[in-house]
Amino acid sequence: MSTRQLDRPGPAATRAVPPVPQSRRRFRPDRWHVAGVAVFAAIIAAWQLLFPLLGVNEALVPLPFDVAEALWTGLASGDYLPDIWETLKEVLLGFLLGGVVGIGLGAVVGEFRVVDRILSPYVVALQAVPKVAVAPLFAVVLGYGLTSKLVLVALITFFPVFVNTVSGLKGSPEDQLELMRVYGAGRWKTFRHVKARNALVFVFAGLNIGVTLSVIGAVVAEFVGAQHGLGAAILRDGYRLDSARVFASIVLLSLLTGLLSSLVQFIGRKTVFWVSH
Amino acid sequence: MTPEDIVTGEDAVTWEDAVTHPLIEIERVSKTFTTRQGALVTALDDISLRIGRSEFVVIVGPSGCGKSTLLRLISGVLPASSGAVRVDGTPVTGPRGDIGMVFQRPALLPWRTVLSNAMLAADVTPMSRTEARRRAERFLDLVGLAEFAGAYPGELSGGMQQRVGIARALVHDPKVLLMDEPFGALDALTRDHMSLELQRIWMEDEKTVLFITHSIQEAVFLADRVLVMQARPGRIVEEIAVDLPRPRTLRMLNSDAFGEHVAALRRHFENEEAMSEPAGGHGAVLPVPAKEAP
Ligand SMILES: Nc1ncnc2c1ncn2[C@@H]1O[C@H](COP(=O)(O)OP(=O)(O)OP(=O)(O)O)[C@@H](O)[C@H]1O
Ligand SMILES: [Mg+2]
């Protein structure tokens with residue numbers, strides 16, 4: 001058999017230029033951004049100007065400028081640093097612990113039906129428990145130090161990560177699995193080369209939910225009893241009727257949540273680069 | 001026609017080869033599925049078939065007649081209910097890693113580059129990386145995608161992805177290439193070109209190919225032999241040898257000889273009760289949604 005007289009039939013449509021990797025577009029504000037900023041400014045202005053006229057008690061609802069001032073002085077003087085550092089520690093360590101255990105246990109449950117069967121009832125039952133309700137218990141058992149906070153944060157982070165890992169591992173396209181079967185690839189190779197990769201999208205979705213919840217967990221744990229942390233600061237300042245500082249702490253917590261969530265999403269996008277977002 | 005009607009040349013692939021040196025032997029194989037409701041479905045009923053080395057066999061038949069099931073029995077991912085399947089003399093008891101498989105959808109791994117996809121065998125079979133890389137580069141070149149080795153599947157057209165799938169299926173030097181409607185999801189023009197490319201690859205690599213299609217034209221164009229299957233229960237009801245010279249060209253699609261083969265096959269389907277629904281469009285299409293080349 002000879003093929004030499006056969007020329008290469010290359011359909012014009014598929015002889016495209018090799019794709020140039022698209023560089024990320026620079027941020028260029030459009031009119032929606034402008035509108036967004038304008039609305040925000042309007043709300044702040046209305047708040048600042050109207051609330052005094054309406055006679056709202058400043059000890060209950062502070063004015064935006066007071067909040068900004070409290071935030072600025074608190075940060076500039078370094079007052080806030082121990083609190084921020086403490087909360088960040090609880091959130092990061094707890095999130096890491098909950099995430100790692102969630103992914104690990106999720107992998108085992110998602111991969112082995114037996115384990116799934118045995119553990120599933122407990123997981124479902126535990127999931128029904130409002131985790132923050134257990135916070136006082138943790139404080140009593142584990143003390144008022146870092147450990148009790150860390151464990152609550154980990155527990156609260158664990159569930160979304162775990163559940164998403166399990167369903168992610170079950171969500172590989174059938175034709176990819178069939179391909180691995182045809183190759184005679186065993187469980188481990190199929191897991192490593194197909195299932196784990198497909199699960200990553202879900203894992204990051206779970207981590208993103210988890211990171212938001214982890215801040216809530218840390219604050220609740222601090223409410224139960226803590227020396228430091230932004231949650232503890234809110235309680236402290238609340239007793240002193242320093243509502244500007246309370247709001248400043250809330251702003252800091254929101255920024256922290258937004259920052260961590262963006263970070264997780266960023267890492268997620270880089271890791272599961274093949275999924276168009 | 002019977003095997004005796006064909007005079008064999010030295011290197012020609014014929015029924016006689018298929019009979020005396022079969023690469024794939026299927027002996028009285030049946031496959032029954034139990035549905036979730038507990039009903040029994042006979043997907044394949046007492047099928048016997050021999051396929052010779054380097055033969056290009058095409059299976060046509062209506063939807064649900066068991067074509068994919070037959071391929072899955074040969075690839076070893078599915079056990080037969082009864083009968084024996086042998087590849088190269090050894091009974092098939094499970095997946096062996098010496099089968100190349102191409103599906104209707106490319107089934108590429110989107111996180112791997114084209115080259116890395118083609119080299120998948122290095123990760124899941126005992127094949128060495130250097131050898132896999134050498135062969136992957138060769139077959140990517142053969143399917144005309146050498147310059148896309150570093151691209152990701154998401155950056156390729158459907159036809160290009162399918163060609164990566166074909167290259168991947170050949171890298172571990174499988175004894176058999178099983179193709180389950182590989183061009184079914186492609187547009188008519190791309191489909192024609194893919195048929196030509198597949199013929200070229202096959203003539204260069206001399207693989208044994210078992211190819212499923214819903215297109216009678218595609219079947220005649222590619223096949224040494226066309227097997228016609230029938231549904232409920234799944235059976236092979238006819239074999240038609242296609243003795244058109246190779247390499248076949250798109251111009252031959254309009255030749256009388258080609259038309260006669262197509263007509264012979266189509267006549268068969270008109271006789272079959274199960275396939276008597278009107279075939280739309282080009283006429284040579286089975287009663288299943290499938291795009292046909294103009
Ligand atoms: N895993 C399964 N469980 C139950 N029934 C099955 C299973 N796989 C296939 N079948 C049945 O076996 C029959 C043959 O299926 P198969 O997929 O082999 O058909 P096919 O000829 O490939 O059809 P198509 O042209 O639509 O791809 C069908 O009736 C189908 O419902
Ligand atoms: Mg099928």
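Mentor: Two strands count as paired when DSSP finds at least two bridges between them. Strands are DSSP E runs of at least two residues, and helices are H or I runs of at least four, numbered from the N terminus. The model is predicted: local features need pLDDT of at least 70, side-chain atom pairs count only at pLDDT 80 or more, and totals for chains, interfaces and linings use all residues. Residues are numbered from 1 along each chain as written, chains are lettered from A and ligands numbered from 1 in written order, and side-chain values use heavy atoms, without hydrogens or water.

Start with the sheet in chain B. Four strands form an open sheet there, in the order β2-β1-β4-β5. The pairing is antiparallel. β2 (40-52) and β5 of chain B are the edge strands, each pairing on one side only.

Strand β1 of chain B covers residues 22-34, and β4 of chain B covers 82-87. Five bridges join these antiparallel strands. Across from E27(B) stands A84(B), in β4(B).

Strand β5 of chain B is residues 90-91. Two bridges pair β4(B) with β5(B), again in the antiparallel sense. V87(B) has T90(B) as its bridge partner in β5(B). R86(B) stands opposite P91(B), also in β5(B). Two residues lie between β4(B) and β5(B), which form a hairpin. In that turn, D88(B) has a positive phi of about 55°.

Step back to the domains. Their bounds come from an automatic or database assignment. Domain 1 of chain B takes in 22-98 + 176-285, and domain 2 of chain B is 105-174. Over C-alpha atoms, 24 Å separate the centres of these two domains of chain B.

The boundary itself is next. Sixteen is the count on one side: 16 residues of domain 1 of chain B are in contact (heavy atoms within 4.5 Å) with 14 residues of domain 2 of chain B. The two domains of chain B bury about 1,300 Å² between them (accessible area lost on being put together, 1.4 Å probe, summed over both), with 66% of this on carbon and sulfur atoms.

Two salt bridges (a Lys or Arg side-chain nitrogen within 4 Å of an Asp or Glu carboxyl oxygen) are counted between the domains of chain B. R163(B) also forms a salt bridge with E197(B). Their closest N and O atoms are 3.4 Å apart.

Which elements supply the domain 1 side of chain B? β7 (176-180) and α7 (188-205) of chain B each give at least two residues to the side touching domain 2 of chain B. The helix α7(B) gives the most, with seven residues. By class, that side of domain 1 of chain B has eight nonpolar (Ala, Val, Leu, Ile, Met, Phe, Trp, Tyr, Cys, Pro), two polar (the others, Gly among them) and six charged (Asp, Glu, Lys, Arg) residues.

For reference, take chain A. Its domain 1 is 29-58 and its domain 2 is 59-271. The C-alpha centres of these domains of chain A lie 32 Å apart. Eight residues of domain 1 of chain A contact ten of domain 2 of chain A. About 860 Å² is buried between the two domains of chain A, 65% of it from carbon and sulfur atoms. W47(A), Q48(A) and E58(A) supply 67% of the area that domain 1 of chain A buries against domain 2 of chain A, more than any other three residues. Zero salt bridges are found across this interface of chain A.
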